[in-house]
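Reader: Could you walk me through this structure with a few questions and answers?
Author: Gladly; let us look at it together.

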Amino acid sequence: MTDQAQLEKAKEHFAKLVKEQLDRVEEMKRSQGWTDYSKKERIVIGIVGGDGIGPYITKHAHAILKFILADDIKSGKVELRVIEGLTIENRVKVLKAIPDDVLVEIKKCDVILKGPTTTPKKGDRWPNIESANVAMRRELDLFANVRPMRVPAQGIDWIFFRENTEGSYILGSRGINVTDDLAFDFCVATTQGSERIIRLAFEHAKKNGINKVTVVTKANVIKTTDGKFLSVAEKVAMDYPGIKWDDWFIDIMTAKLIDEARRTEFRVMVMPNLYGDIITDEAAQIQGGVGTAGSANIGTKYAMFEAIHGSAPRMVEEGRAEYADPSSIIKAAAMLLNHIGRTESSKRLEFALDICTQFEKRIAITGRSSGASGEQFAHYLMETLSDCGLEAKWSRYSGRMP
Ligand code: IPM
Ligand code: MG
């Protein structure tokens, strides 16, 4: 190909992307209000096992939801619906991030509890198809990735609001190799996309009486997209005069999370997609490992709840899948309960998780047969959850009121 032809091809590719994003902006401008779950006659919760360790850990979260929601299920107010087929084998068969029939079923639900799904990367034994997570976030417009991390004993109480549909992710599979030697990826920020996530973070702070929001970017270098994110934050903050806000760069923020003297000052953090991806793994590690963190993917119409970690195919290959830690997806289930208005049940499940994983720790999961199995952990949790003195127990351990 001549230089001119390469240039034309790249221009055409870019023009197509720009057009799509302009359309998306218009769509966001038209977007509807939030689903009100209290007005729904029936809430359908889709349970998607995923692949790798996904089905192994998801079944425990499923059982716990069944237990907690027993009355709602009996009265027909809630339905738990298992959706099969979101496996790497099926996705590869049709070369799609989410097979069409699975997506149709997912869209019939209100909220989804999703196990991890394998994301191929260049050089894997799988074709390099798009991540199912990324596709689902885009298809259902789940713009907010909300990831709380708490270590009550150390005074850590963080909640991360990660922008979930734009940034470096939205065109992550649509970069271009202009020549064999020149590769481009694209990063996208829109006013609407930035505003809705930043506003959600401020709203969360306001509703929960937290008077500080921290905005994280790398706007000193990534001047256009992160620059936009930061300037939108500045504007949104004006609507919340009671809340102090500050902005940090992602590099120093990453360091501050391990600074024991400073880190407890952070409460609500909001950031573009890729930074949120990275820093929430760090935060999860501080909390006790990625196996302990849940993740809510929230849009105005749909919401999806998942573990923040991957599908750990190696654990399956080595026959250790039953020893995978289900607490992350159970935490996601607690977030789901809160989202659909079952706040009391959600709190109880969170307390039980704290007791089992942070305070009492009667059994330990190591990911190997040296530790407890997911099944044993789920039993322990269920037992803790059934204890009518649960709240008092949690108070005793944490030194705080429930
Ligand atoms: C996460 C995961 C995903 C992401 C992967 C699996 C695509 O790391 O949810 O944080 O990068 O968002
Ligand atoms: Mg991640």
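**Ligand 1 and its surroundings**

Author: To begin with a contact in this predicted model: an N or O atom in the Arg 147 side chain lies 2.8 Å from an oxygen atom of ligand 1.

Reader: Thanks! How far is an oxygen atom of ligand 1 from an N or O atom in the side chain of Tyr 169?
Author: A polar contact needs a pair of N or O atoms within 3.5 Å. For the side chain of Tyr 169, the distance to an oxygen atom of ligand 1 is 2.6 Å.

Reader: And how much of the area that ligand 1 exposes when taken alone does the protein bury?
Author: Alone, ligand 1 exposes 320 Å². As for its place, ligand 1 sits in the second largest pocket. The share of its area buried by the protein is 81%.

Reader: How many charged residues are in the shell around ligand 1?
Author: The residues surrounding ligand 1 include Thr 119, Ser 131, Arg 137 and Arg 162. By class, 1 residue of the shell is nonpolar and 3 are polar. The number of charged residues is 4.

Reader: Which domains give at least three residues each to that shell around ligand 1?
Author: The protein chain is divided into two parts, 36-142 + 299-402 and 147-287. Their centres, taken over C-alpha atoms, are 24 Å apart, and 17 residues of domain 1 are in contact with 17 of domain 2. The shell draws at least three residues from each of domain 1 and domain 2.

Technical notes: Residues are numbered from 1 along each chain as its sequence is written. Chains are lettered from A and ligands numbered from 1 in the order in which they are written. This is a predicted model: local features need pLDDT of at least 70, side-chain atom pairs count only at pLDDT 80 or more; totals for chains, interfaces and linings use all residues. Side-chain values use heavy atoms; hydrogens and water are left out. A residue is near a molecule or strand if one of its heavy atoms lies within 4 Å of it. A polar contact is a pair of N or O atoms within 3.5 Å; within protein, one must be able to donate a hydrogen and the other to accept it, and residues adjacent in sequence count only if both atoms are side-chain atoms. Accessible areas come from the Shrake-Rupley method with a 1.4 Å probe; for residues, only the protein chains shown count as cover. On a 1 Å grid over the protein atoms alone, a cavity is a set of points where a 1.4 Å probe fits but cannot get out, and a pocket is an open set with protein on both sides within 12 Å along at least five of seven lines; lining residues have an atom within 4 Å of a point. A molecule sits in a cavity or pocket if more than half of its atoms lie within 2 Å of its grid points. Ala, Val, Leu, Ile, Met, Phe, Trp, Tyr, Cys and Pro count as nonpolar, Asp, Glu, Lys and Arg as charged, and the others, Gly among them, as polar. Domain bounds come from an automatic or database domain assignment. Contact means heavy atoms within 4.5 Å.
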